[in-house]
Amino acid sequence: IIRSLGDSKTPLYFLVFSSFLNIGLDLLLIIVFKMGVRGAAIATVVSQLVSGVLCLVFVIKNYPMLHFQEGDKKPDLKCIKELVGNGIPMALQFSITAIGSVMLQSCVNTLGSNAIASMTIGARTQLMIVLPAETIGVTMATYCGQNLGARKYDRIKQGVMNGTILGIGYSVVAFFIARYLGSYMGLLFIDSSEVAVLELSQRFLNTCAWFYPVLTFIFIYRNALQGLGHGTTAMFAGFFELAARGGVGFGFVLEYGFAAAGFANPVAWFAADLLLVPAYFVVMKKLKRKFQVEEKLGVDCD
């Protein structure tokens, strides 16, 4: 909510604070009180709770427009329907993508312990590398939602274009990070003596790195569509990813080994883009026509 009102710094400050709190509680509960995994879980929940409460207090003190009024206590069924209609497809989309990753991992698991470890390390390293591009994509959801409400078609179009340019630019940087620093980043997760594992994880990154612009398109256009109220389309793109990962996993990894696993993600990214990119332009075309009608009639067509 705070981000949607244009303040992205305050949530970041609270997040940084809660991260350090999490680390401190981990050390206290695991090392001092010997609580093990339970202590780590408690530390995570408490730090998240503190971050959430801080955000709530900040909203109460700084945004009177968000204070509850007497009339707000009555449920608004139309609003609830809209929230559920947007929220459920977004939740399912993340679940579907995760299922595809699990399917691929199950195929890699048949290749032995080195392949399992390499896939895990490669995926975690890649997650760190592409995080800035993913953040640009997440920004698109808030940005498009804001400008949709303000009926600013040109700003939506320009913002998505600028986000795409930024994302592609970072993809070039990410390519070199993955290709030349990936194995060093992998040392965060495994000892340097595990040479075979590090080599396999680097092969995984070398393959995926060529296709980071394709992944960037997913981040940008999926979030843009969600911000424009078309979460169902993003969900179906998740099915495309699921089918592609599963197809490569069961059709090629079992036959050709770990080399094929490196291509599973790029194939899934292409499959999702086949739906997301055209869908965005179709939605924007309809939106432009709708706003033109509103302007001509002087009414809000919602």
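Helices here are DSSP runs of H or I with at least four residues, numbered from the N terminus. The model is predicted, so local features need pLDDT of at least 70 and side-chain atom pairs count only at pLDDT 80 or more, while totals for chains, interfaces and linings use all residues. Residues are numbered from 1 along each chain as its sequence is written, and side-chain values use heavy atoms, with hydrogens and water left out.

**Helix H4**
- Helix H4 covers residues 113-149, and its end C-alpha atoms are 51 Å apart, which agrees with the 54 Å that its 37 residues should span at 1.5 Å a residue; the expected span is 1.5 Å times one less than the number of residues.
- At Leu131, H4 bends by about 50°, and Pro132 follows within four residues; the bend is the angle between axes fitted to the seven residues ending there and the seven starting there.

**Positive phi in loops**
- Arg151, in the loop between H4 and helix H5 (153-186), has a positive phi of about 60° although it is not a glycine.
- Arg151 is partly exposed, with a relative accessible area of 24% (buried is under 20%, exposed over 50%, partly exposed in between; 1.4 Å probe, protein chains only).
- Lys34, in the loop between helix H1 (9-32) and helix H2 (36-62), has a positive phi near 55°.
- Lys34 counts as exposed, at 67% relative accessibility.

**Contacts of Tyr280**
- Not counting residues up to four places away in sequence, Tyr280 touches Ile156, Lys157, Val160, Tyr221, Ala224, Leu225 and Leu228 (contact means heavy atoms within 4.5 Å).

Key:
Helices (H or I, at least four residues) and strands (E, at least two) are DSSP runs, numbered from the N terminus.
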